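Please find below my notes on the two-chain model that you asked me to look over.

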Amino acid sequence: MNDCIPLIGQQMRQMALRWFTAEPLVRLTEQFIEYKLQESLKFGQLTVIHYRMFGGEGDKVYRAAGAVELFILASDILDDLQDQDAPGKPWMQVSGAAALHVASSLLTLSQQGMLDCTDNNDTRLALVEMMNMHLLQAANGQMLDIMNEITDEQSYLEMVKQKSSMLLSFACMAGVMLAGKPWNSVVGEYAIEIGIAAQLRNDIRDLLRWDDKSDFLQRKRTLLTLFLLESLSDEDQWIQDYFDGRLSAEDIENARARYEEACERTGTLLYGSVMSRMYYNRFEELLDSIQEAGPWKATFLQILNQEIA
Amino acid sequence: MLKETIRQLVSSTEKMSMAMGGNLQLAGVSAAEQKALLGELKNKNDKNSGYAYMWN
């Protein structure tokens, strides 16, 4: 499936060159797309594999996969602008106004790309309705994440369903519908499971970081920081104090080893990995339940297990 | 209940060993949670390098 990455990249470039004429917009967009192409384009690959799984033939899927990846690129840029924690990314090395403008232009370009990927008006309408429905739900989830006001596990999982799972569902369902098939509820359901499993895996990684992307240092509420905070013993009171703002980052700058030990001792790491695996297991069960997936299962799992950027 | 079970496991080496050997009764834990828990413990056992963060 890796062989489709250059084809998706080519479509992304072509769409930009067709619709963008202002030199700085073209230049920055090309620069950002080239950076994106160094990653795995997992979402675009999910579109392609679902198109093939559901009987789609021919090359038009690469346009749809390119449109999906243009949206993902836009949301990556917006996410980094919001979090201000990725200074090495090319869009963080230009003015905020320029990066914001490229991102918002890419959102519209991705919609145009989706409209252009088929001549069948019924399919186009179904695709764009599906796209907007997913992306509006993802926008709700992203807003909840930015506000960081989650106080319980159920609310966190609901937020992840919106923020992460809807993007995966969008990518998968674009392939299904472009192949001329209606909305597939099993695909929609397993995309939610994958999204939660992947987010929890990222949460484990970010729980243990000790830099600008550390969920702990950023006092970010996740399933795992909530579990950690409710599992603390007396000796760990400083963790609660930091989270509540009674201690500063300077106060705890030498506490990394103690923090990691607390994550292990309280079972926070085990809890995160068990929860992630549980959602992943559920995804596999659902995948096994659809006949179309049979010959594609190994490739599908290979795409998912590529490193998450 | 999964949370409480995990807290008990990490605070008792004996219970953790029994669970890793599949010999611990996990009352109140759903079948899906048990499958995931045993999968992760097996992963830890096999790799012996802390809990795995990646799926097998």
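**Notes on the model**

1. Helix H7(A) bends by about 40° at Ser165(A), where the bend at a residue is the angle between axes fitted to the seven residues ending there and the seven starting there. Helices here are DSSP runs of H or I with at least four residues, strands are runs of E with at least two, and both are numbered from the N terminus.

2. On provenance, this is a predicted model, in which local features need pLDDT of at least 70 and side-chain atom pairs count only at pLDDT 80 or more, while totals for chains, interfaces and linings use all residues. Residues are numbered from 1 along each chain as its sequence is written, and chains are lettered from A and ligands numbered from 1 in the order in which they are written.

3. H7(A) covers residues 153-178, and at 1.5 Å a residue its 26 residues should span 38 Å, which agrees with the 36 Å between its end C-alpha atoms; the expected span is 1.5 Å times one less than the number of residues. Just after H7(A), Gly180(A) takes a positive phi of about 90°.

4. H7(A) is largely enclosed by the rest of the structure, because 21 of its 26 residues are buried. A residue is buried if 20 or more other C-beta atoms, placed from the backbone, lie within 10 Å of its own, exposed if 12 or fewer do, and partly exposed in between.

5. Chain A as a whole has 13 helices and zero strands, and of its 309 residues 43% count as buried. The C-alpha atoms of chain A fill a box of roughly 65 × 50 × 30 Å along the principal axes.

6. Chain B has three helices and zero strands, and buried residues make up 18% of its 56 residues.

7. The contact between the chains takes 17 residues from chain B and 19 residues from chain A, two residues being in contact if their C-beta atoms, placed from the backbone, lie within 7 Å. On the side of chain B that touches chain A, helix H1 (2-11) and helix H3 (31-47) of chain B are the elements that give two or more residues, and H3(B) supplies the largest share, seven residues.
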